[in-house]
Amino acid sequence: MPSPDHNPAFPAAQPGAAPESVRPAPVRVIAVASGKGGVGKTNVSVNLALSLQNAGQRTLLLDTDLGLANVDVMLGLSPRFTLADVLAGRCELRDTLLEGPGGMWIVPAASGKRHMTELLPQQHVGLVHAFSQLDVPIDTMVVDNAAGIADGVLTFCQAAQDVIVVVCDEPASVTDAYALIKVLSRDRGVSRVQILANQVQHAAEGRQLFDKLQRVTSKFLDVTLNYLGAIPRDEWLRRAVQRQEAVVDAFPSAPASAAFRDIARRAGQWQSPQGPRGHVEFFMERLIAQPSRSAAA
Ligand SMILES: Nc1ncnc2c1ncn2[C@@H]1O[C@H](COP(=O)(O)OP(=O)(O)OP(=O)(O)O)[C@@H](O)[C@H]1O
Ligand SMILES: [Mg+2]
């Protein structure tokens, strides 16, 4: 039983407030995915990570998407190095770290042609080593994924403790979300998925979307869907994107910002990750321990 004064939502106290030796909290890894592209994964990742950081959790945002709308672009940051440079021996992992808004850490996407999970085995080892050398204290890592159901996306989702599938009210988004959940549950052993509705016009729309997905998954798949909530379609979010800022920072009183804070609060209440001591390298080890499969039929 957790102690009554332990609030799992915000396990990280202010720096220096709690003795380090008491409870080295494991790193919670949350993967954000969607199936269909352009539904709002990067915005969800950035604003969720920042809301967690603002709530006192030391957060690292890992960008694994090689697409154009990268985290660093969204936040107006200019990476000097990426993971590709680490692997090429041009820099240390620490050198890739960007300090984002609120003091959260960001590891920008490798700018090479390959996904991290498609690297050679010795490069995987190099990455794990690099992450184990990273002595930055972190409570939560948020992983922004590329669209689709490529092997790399599935592997990141499988290695994370929790997967958020972002969905919006378009037939293709729902169909692709279902396809993603299907491969995650059938081929990757993922048993629980959080559904986040984005760009909803009214509160009921999110729940309806969830119900739609729930109906098919409960019929055909062995997976539990949880309704995480909904983010409204919000013009302030668009403006924040144009300003290259996170909406929770640029317009904290916007409806989308309130919704992101709410989502972060709920995500903070998920069951804590198991394990004696969490470090980011555990995530990387889990990541490379996954058998590499070719795309499932
Ligand atoms: N809640 C929202 N309200 C209004 N506009 C939104 C909202 N969420 C996303 N958008 C719009 O959709 C665009 C795409 O969002 P985002 O880049 O986060 O999607 P993505 O799923 O990461 O895309 P990709 O699949 O290309 O990585 C944003 O730039 C923004 O203009
Ligand atoms: Mg994106």
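Colleague: Leaving aside its neighbours within four places in sequence, which residues is I195 in contact with?

Modeller: I195 is in contact with V165, V167, F210, L213, L225, N226, Y227 and L228. Two residues are in contact if their C-beta atoms, placed from the backbone, lie within 7 Å. Please note that this is a predicted model, in which local features need pLDDT of at least 70 and side-chain atom pairs count only at pLDDT 80 or more, while totals for chains, interfaces and linings use all residues. Residues are numbered from 1 along each chain as its sequence is written, and chains are lettered from A and ligands numbered from 1 in the order in which they are written.

Colleague: Which residues touch the most other members of the largest nonpolar core?

Modeller: They are A31, V143, C157, V163, V165, V167 and I195, in a core of 75 residues. A nonpolar core is a set of buried Ala, Val, Leu, Ile, Met, Phe, Trp, Tyr and Cys residues joined through C-beta atoms within 7 Å. A residue is buried if 20 or more other C-beta atoms lie within 10 Å of its own, exposed if 12 or fewer, and partly exposed in between.

Colleague: And what share of the chain is buried?

Modeller: Buried residues make up 47% of the 297 residues. Among contacts between residues at least 6 apart in sequence, 78% join residues at least 24 apart.

Colleague: How many helices and strands are there?

Modeller: The chain has 12 helices and 8 strands. These are DSSP runs numbered from the N terminus, with helices (H or I) of at least four residues and strands (E) of at least two.

Colleague: In what order do the strands lie in the sheet?

Modeller: The order is β3-β4-β2-β5-β1-β6-β7-β8, in an open sheet of 8 strands with mixed pairing. β3 (98–99) and β8 (224–232) stand at the edges with a single partner strand each, so one side of each has no neighbour in the sheet. Two strands pair if DSSP finds at least two bridges between them.

Colleague: Which strands pair with β5?

Modeller: Strand β1 (residues 28–33) pairs with β5 in the parallel sense over 5 bridges, and R28 stands opposite T140. Strand β2 (residues 59–63) also pairs with β5 in the parallel sense over 5 bridges; there, V143 is the bridge partner of L62.

Colleague: Is β5 itself mostly covered or exposed?

Modeller: Strand β5 (residues 140–144) is mostly covered, with 5 of its 5 residues buried. T140, V142 and D144 point one way, M141 and V143 the other way, and all are buried. In a regular strand the side chains alternate between the two faces of the sheet.

Colleague: Turning to the ligand, which residues are the closest to ligand 1?

Modeller: The closest are G37, G40, K41, T42 and N43, among 21 residues that surround ligand 1. A residue is counted there if its C-beta atom, placed from the backbone, lies within 6 Å of the molecule. α1 (41–54), β7 (192–200) and α9 (235–242) are the elements that give two or more residues to this shell.

Colleague: What is the make-up of that shell by class?

Modeller: The shell has 7 nonpolar, 9 polar and 5 charged residues. Ala, Val, Leu, Ile, Met, Phe, Trp, Tyr, Cys and Pro count as nonpolar, Asp, Glu, Lys and Arg as charged, and the others, Gly among them, as polar.

Colleague: What can you tell me about α1?

Modeller: 14 of the 14 residues of α1 are buried. G56, with a positive phi near 105°, follows α1.
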